[in-house]
Amino acid sequence: MTGAAAAPRSHTSTGTTTSTAPGTSTTQGGSQGHSGLGDLLLNRMTTPAGYIGTTPTELIGRSRDLERLAAVTAAPDAGLVTVTGPAGVGKSRLVMEFFRHRGEGPGGGVEVFDFAQVTDTSVAGLMLRQLREQCYEGSPAVRKALERVAAGKHTLLFDHYEDVADDLAPLLAEFRRCCPQVRIVCVGTARLGLYGERVVRIGPLATGDPAPASPAALAAVPAVELFVQCARSVRPEFALTAENAPDVLALCRQAGGLPLAIELAAAQITLAEPDLILERFENDPGDLHRPDHHPYSRHASIADMVAWVLARLRPEERTQLVHLAVFQGPFTMRAAVGVLDGLHGAAYRTMERLIDKSVLIPDEQHDGELRLSIPHALRRAAAGLLTRLPVHPALRRAHAEHFRTAATAAAAAGRPGPGPRPGPTCSRPSSTGAKRATARRWRPSPKPCTPSASA
């Protein structure tokens, strides 16, 4: 996930507490004070890297998301807010920016527990369960820590909690019972499912639809702006021109507007021009990786991210995802029911869990109908798995028949046909064809983007 600040790793800790000095939480106006929860959650304090500190780059294309997060956290009943979205979308980076500028409130502090730095999640889960038991039994140490938290407008922030979610959720429920005035913010790919939880979903960056006509207009498209920013960090003289702008836009769309994928693609600008990077991305996005440690992301490559997501799905969730990869673009629940021969009972609940885990991204259209989409890299990997399954031909036939029938009915009623429509294109300069021919000689041999062929 793009956005999490790195902290020193500890084999015994369950997280890190952000601070300006070891053992202190950041507060507005320069005051410092630790709630005591850090001492309960950690076997030893670690020197934090500054989750809510200065950032090396400007946050792009997230003004509306920051406003939505501000509105939700300001609500009187927002005791528990979960910021969710697909892996690599920049959730932690967004939340960090939010708290840097407007999130603490008068006299408040933010204490951060970043589980991305955990080396043994089983130990972390055990410590969370023990702390919940101490809360329930009224342990003096826990009672004292909670009294300190309750004394001010305190925020507890839990990031990258996916691997300890089953143990963290009951603990947070106990925290809310003991200290209802404390704000809890969680950041991860899956919602916790607690009563009263307010969810803020973060989606990929806009990729320009319809396509702007000029490089100047393209430069204002958030995904393109991020690409240019990242490209200039490694090649300061890079500029968006009439010749390379279509390739940059195509790259951003190929990445599905996902910041992690855009950053990885832009990092290749030290070696190749955008058209060559696009050719490589189209051939094997999983091959793109970063050579160094990133301060906000736990994923070093697209392949790592896809493997991480698939490893955290239940068998039935993974099977459902692979079957849904028959859709090459956004689809409605109505279409899913038609193509997958009905979704009832357990299958319907599996779809809900895929949405909760940000594997399916919901997007409400102007007509009120909900459309679902699979993050591009994940859909590509799932589609590769689907081609190896015996059910693939039957799903392809069902997909074609469903949209053929729907298109016939729409034509009879004088309405536009349903189904995915080709996206807008941005014309390429005549020289691009020759460049892409050269790129075919440059691109690496295909590699699988998934850890396993089993669904």
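Ring pairs join Phe113, Phe115 and Phe158 into a cluster. The model is predicted: local features need pLDDT of at least 70, side-chain atom pairs count only at pLDDT 80 or more, and totals for chains, interfaces and linings use all residues. Residues are numbered from 1 along each chain as its sequence is written, and side-chain values use heavy atoms, with hydrogens and water left out.

**Exercise 1. Aromatic pairs**

Find how many aromatic pairs the structure holds, then describe the pair Phe113 and Phe158.

Solution. 
- Step 1: Rings of Phe, Tyr and Trp (its six-membered ring) pair if their centres lie within 6.5 Å; planes under 30 degrees apart are stacked, over 60 edge-to-face, and the rest tilted.
- Step 2: Count. There are 6 aromatic pairs in the structure.
- Step 3: Classify. The ring centres of Phe113 and Phe158 are 5.3 Å apart and the planes stand at 20°, so this pair is stacked.
- Step 4: Locate both rings. Phe113 is in strand 4 (residues 109-114) and Phe158 is in strand 5 (residues 154-159), so the pair ties together parts that are 45 residues apart in sequence. Strands (E, at least two residues) and helices (H or I, at least four) are DSSP runs, numbered from the N terminus.
- Step 5: Check the cover. Phe113 has a relative accessible area of 1% and is buried; Phe158, at 0%, is buried too. Buried means under 20% relative accessible area, exposed over 50%, and partly exposed in between (1.4 Å probe, protein chains only).
- Step 6: Take another pair. Phe327 and Phe331 are stacked, at 4.4 Å centre to centre and 20° between the planes. Phe327 is buried at 2% relative accessibility, and Phe331 is buried at 2%.

**Exercise 2. Salt bridges**

Solution. 
- Step 1: Apply the cut-off. A salt bridge puts a side-chain nitrogen of Lys or Arg within 4 Å of a carboxyl oxygen of Asp or Glu.
- Step 2: Start with Arg93. Arg93 and Glu97 are 4 residues apart in helix 3 (residues 91-101), which means about one helical turn separates them. Arg93 is buried at 6%, and Glu97 is buried at 12%.
- Step 3: Move to Arg235. Arg235 sits in the loop between helix 8 (222-234) and helix 9 (245-254), and Glu273 in the loop between helix 10 (259-266) and helix 11 (274-283), so the pair ties together parts that are 38 residues apart in sequence. Arg235 is buried at 19%, whereas Glu273 is partly exposed at 35%.
- Step 4: Finish with Arg334. Arg334 belongs to helix 14 (residues 333-339) and Glu369 to the loop between strand 9 (361-364) and strand 10 (370-373), so the pair ties together parts that are 35 residues apart in sequence. Arg334 is exposed at 63%; Glu369 is partly exposed at 29%.
- Step 5: Look for a network. Salt bridges link Arg314, Glu316, Glu317, Arg353 and Lys357.

**Exercise 3. Helix 11 and the cores**

Decide whether helix 11 is mostly covered or mostly open, and name the residues with the most contacts inside the largest nonpolar core.

Solution. 
- Step 1: Count in helix 11. Of its 10 residues, 9 are buried, so the helix is mostly covered. Among the buried ones are Pro274, Leu276 and Phe281.
- Step 2: Define a core. A nonpolar core is a set of buried Ala, Val, Leu, Ile, Met, Phe, Trp, Tyr and Cys residues joined through side-chain atoms within 4.5 Å.
- Step 3: The largest nonpolar core has 89 residues, and Val224, Phe227, Leu324 and Leu360 have the most contacts inside it.
- Step 4: Go to the second core. This separate core has 26 residues, including Leu80, Leu131, Leu171 and Leu194.

**Exercise 4. Helix 2 against helix 3**

Describe how helix 2 passes helix 3.

Solution. 
- Step 1: Two packed helices are described by the angle between their axes and the distance between the axes.
- Step 2: The axes of helix 2 (residues 63-74) and helix 3 come within 10 Å and cross at roughly 65°. Axes are lines fitted to C-alpha atoms, for helices over the stretch in contact, with angles from 0 to 180 degrees between N-to-C directions.
- Step 3: List the contacts (heavy atoms within 4.5 Å). Asp65, Leu66, Leu69, Ala70 and Thr73 of helix 2 meet Leu94, Val95, Glu97 and Phe98 of helix 3.

Note on methods: Left-handed = near helix turned anticlockwise from the far one by under 90°.
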